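Dear colleague,

Please find below the structure that I am handing over to you, followed by an account of what was found in it. I would be grateful if you could read the notes alongside the coordinates.

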Amino acid sequence: MNRVEQPSLLEQTVSTTSSIPKPSITLLNAIAIIVGIVIGAGIFETPSLVATNMTSWGAVLQVWLLGGLVSLIGALCYAELATSYPHVGGNYFYLQRAFGQSIATLFAWARMTVIQTGSIALLAFVFGDYASQLAPLGPYSPSLYAALAIALLTALNILGLRQGTLTQNWLAVAQVLGLLLVILIGFMVAPVLAAAPPSTESGSGSWGLALVFVLLSYGGWNEAAYISAEIKHPHQNIVRSLLWSLGIITALYFLINLAYLRGLGLEGMAASTAIAADLLRQTVGEPGAVIISLIVVISTLGSINATIFTGARTNYALGQDVPRFRFLGRWETRPSSPTAGYMLQALISLALVILGTVTRNGFETMVDYTAPIFWFFFLFSTLSLMVLRVQEPHRLRPFRVPLYPVLPILFCMVCGYLLYSSIVYTGIGALVGVAVVALGIPFLQWHRPRLPRS
């Protein structure tokens, strides 16, 4: 029998000790959050790796546009889920309705211990690396800066929604202005290099591997699902925020790669280990290294803040449904925030900073740690769209994916390929991430939802 218009466990349960999230995030706030998450360190790291796998200027620009198109397809799928099921738990709630509480609980555990906290630690290490170039704090400077960023930004979000969103708005503006500065320098100052194809050693022509790096840079737009219960006029603004955000991001990524090509050429891009710094160093001299360090510091701060902001929402949803995590299911009215979720998230992220410090390879370790688990649950979340279409055909869906089921199936295929790639191309960090998620399996047997699903 089809389940029609089932209320969520959160909707069924009225807590006597906490408030519930209120619609208070504007369209502009939502765009700032999404842009802030996506435009992080990736665009300053991955273009050189993409160039290594391409054989012409046109191929480089096309693969970045393709990444934007793939992200748009995924965003359309998520827009249907988020408008049909606006819930603070995001993917957690979709998986709960489509596959049951056990899979949802495992996802919440994975997001709490690997996906979101690993992303926070990854970004914090990038922030620490670049901040240390400006003002080093000793042999453990990157780790100290990473821990400081996590602690301070978590505290800002705990102070309340207004402080968190205001901080994010300004950081997102700074991110975009920083990228525009690099683009302008690339177009106005840098010489136009010959567009001749690179030597065989410079480009392998591997579109698949290049797309892996491109989609890493586009990653994060799906976090819009976690603010769907707090955004004003969700039926319109969720779709608008995704489309506006991805349009802005795709345009910026295309232009900054064109700027890199103009200033460094394809061979120069492929050979660079700090591509934006090399572009500014070539055009404005050594002060360019300081400028780019400031830009990356600002960009990563924006990404860390946005990732912290959305990450605690799943912890809150888990606490609402699973008694063993009840302490996470409190939403403080003043300030309006899931305080316990923020604090636990910060503690786990700080523990991962320590892990990255011990391995002395923080950024790479966190990439390996998060990637396979991220794409595994991304695949299941997209599958939940098709499952829910069958299970709940009469559900009000303010937005429907065009060309259904072609686009969801296509995006599932992309997720499956990236899951395969993340296992093949990552190191021991991936095994650690899988092991940590496996530790959450006992909760599948122990949990008892507070109220049965109707």
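**Helix packing**

Helix 6 and helix 7 pack with their axes 7 Å apart, at an angle of about 125°. The model is a predicted one, in which local features require pLDDT of at least 70 and side-chain atom pairs count only at pLDDT 80 or more, while totals for chains, interfaces and linings use all residues. Residues are numbered from 1 along each chain as its sequence is written, and side-chain values use heavy atoms, with hydrogens and water left out.

Some conventions apply to the packing values. Helices (H or I, at least four residues) and strands (E, at least two) are DSSP runs numbered from the N terminus. Axes are lines fitted to C-alpha atoms, for helices over the stretch in contact, and angles run from 0 to 180 degrees between N-to-C directions. Angles under 35 degrees count as roughly parallel, over 145 as roughly antiparallel, 65 to 115 as roughly perpendicular and the rest as oblique. A crossing is right-handed if the near helix is turned clockwise from the far one by less than a right angle, and left-handed if anticlockwise.

Helix 2 (residues 27-38) packs against helix 10 (residues 234-271) at an angle of about 40°, and their axes are 9 Å apart. Helix 2 and helix 10 are therefore oblique to each other, and helix 2 passes helix 10 in a right-handed crossing.

**Aromatic contacts**

The count comes to 14 aromatic pairs (rings of Phe, Tyr and Trp, the last by its six-membered ring, with centres within 6.5 Å; planes under 30 degrees apart are stacked, over 60 edge-to-face and the rest tilted). One of them is the tilted pair of W64 and Y218, at 6.3 Å centre to centre and 45° between the planes. W64 lies in helix 4 (residues 57-84) and Y218 in helix 9 (residues 207-218), so the pair ties together parts that are 154 residues apart in sequence. W64 is buried at 1% relative accessibility, and Y218 is buried at 0% (buried means under 20% relative accessible area, exposed over 50%, partly exposed in between, with a 1.4 Å probe and protein chains only).

F127 and Y145 form an edge-to-face pair, 6.0 Å centre to centre with 85° between the planes. Since F127 lies in helix 6 (residues 101-134) and Y145 in helix 7 (residues 141-159), this pair ties together parts 18 residues apart in sequence. Both F127 and Y145 are buried.

**The loop between helix 14 and helix 15**

L403 lies in this loop and is exposed, with a relative accessible area of 63%. Phi of L403 is near 60°, a positive value in a residue other than glycine. Y404 and P405 are joined by a cis peptide bond with omega of about 5°; P405 is found in the loop between helix 14 (362-391) and helix 15 (406-424). Most residues other than glycine have a negative phi, and most peptide bonds are trans. The charged end of R389 sits over the ring of Y404, 3.9 Å from its centre (NZ of Lys or CZ of Arg within 6 Å of the ring centre and within 35 degrees of the ring normal).

**Cysteines**

The count of disulfides (pairs of cysteine sulfur atoms within 2.5 Å) comes to zero. The sulfur of C412 is 6.2 Å from the closest cysteine sulfur, in C415, which is too far for a bond. C412 is buried, with a relative accessible area of 10%, and C415 is buried at 0% relative accessibility.

Yours sincerely
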